[in-house]
Amino acid sequence: MSHGPRSGLAAVSSALLAMSRHLEVRDVLKTIVASARELLDAQYAALGVPDDHGGFAQFVVDGVSEEEWKAIGPLPRQHGILAAMLHEARAERLADVRKDPRFEGWPKAHPDLVDFLGLPIRDGDEVIGALFLANKNCERPQGGCGFTEDDEELLGILAQHAAIALTNARLYERSRELTIAEERSRLAHELHDAVSQKLFSLRLTAQAAARLVDRDPSRAKGELQQVAALAAEAADELRAAVVELRPAALDEDGLVATLRTQIQVLDRAHSARVTFSGHGVKALPASQEEALLRVAQEALHNALRHSGADHVDVTLDRRGNGAVLRITDDGGGFDPSAVRRAGRHLGLVSMRDRAAGAGGTLTVESAPGKGTVIEMEVPGG
């Protein structure tokens, strides 16, 4: 929420930096609205992103409490002055929005709006949102609007950068969806391999039991017990596939539960022992949770595919307001400097980029024959 007016180049720079810092669309929208209200010293600010059905896919407000927002009711439709900003694609600066012929009223619980400044957010020729402010905190000229031409120009600059930030956030979310799809495909491949191995072993054991039934019934009984055990393991793998391949696990279940589930799957799918423990970790910003999950997946892939480890341990612990992720394996290890000189990265570059992009740090400790420890720390919110 905003805490009072700010002015000057430093305030504008701060607002633009705040918008570029977030990757999630919802976070970007909230930052745009709060920045606009603070910069122009307004009582209320809102931003609506239109859907394709005459309403708003998202509508974010600043200056309204959660209780007031709940009392207002459903999201508005694209009508009146809101529709004008979306469809006429020009700024609107009004001394009293209630007297405008396009004003169609607001719900009973809606706060009173008087002077009004609104304009579209455009990406090229496409209007991707409508940003508006109401009730300037100032002395209003007689019969005039508290918002000035300078305010309109400043809001226009903010809207241009808001369009860039919002477009980037949408691209990030689409990229994230593709990454999740790729990860699901990779896990499906690993699970397929694991189940195929179990079924192959089951078939061989069943054939051995069939050959022993007549001449050695007691040994045949043992083989059939092994068949039952292998069948149970194969069923576990199939159940894991159903659980693991469901979409949006991170959004729905949180980081700890998602990591635990994926590591349980990997433990069953590989000969190495894979363990996980998480302690006291609170919810983190979405971008940080995403980065931690992807670094864990990359490090696990390296350890299980390339290191020859017998045991891989993953821990996630609280550290201050943030968290620290540690992936430790007892595999063959490597010389990080030699890897860099050879032009091979083992995913280390992407892991460091992910950590830096989330405001965190990544360290790698390894040596030939000594295993590997990868640690990532994020600051939290």
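First, the ground rules. Residues count from 1 along each chain as its sequence is written, and side-chain values use heavy atoms, without hydrogens or water. As the model is a predicted one, local features need pLDDT of at least 70 and side-chain atom pairs count only at 80 or more, while totals for chains, interfaces and linings use all residues.

On confidence, pLDDT is the predictor's own score for each residue, from 0 to 100. The protein averages 79, and 79% of the residues score at least 70. Please be careful with residues 1-7, where pLDDT stays under 50.

Now the sheet. Helices (H or I, at least four residues) and strands (E, at least two) are DSSP runs numbered from the N terminus, and two strands pair if DSSP finds at least two bridges between them. Five strands form an open sheet in the order β2-β1-β5-β4-β3, with antiparallel pairing. At the edges sit β2 (56-62) and β3 (92-94), each pairing on one side only. Strand β1 (residues 42-50) joins β2 through six bridges in the antiparallel sense; Ala45, for instance, has Asp62 in β2 as its bridge partner.

Finally, helix α9, residues 286-306. What should its 21 residues span at 1.5 Å a residue? The expected span, 1.5 Å times one less than the number of residues, is 30 Å, and the end C-alpha atoms are 30 Å apart, which agrees. Of those 21 residues, 15 are buried, meaning under 20% relative accessible area with a 1.4 Å probe, protein chains only (exposed is over 50%, partly exposed in between). After α9 comes Gly308, with a positive phi near 70°.

Note on methods: Contact means heavy atoms within 4.5 Å.
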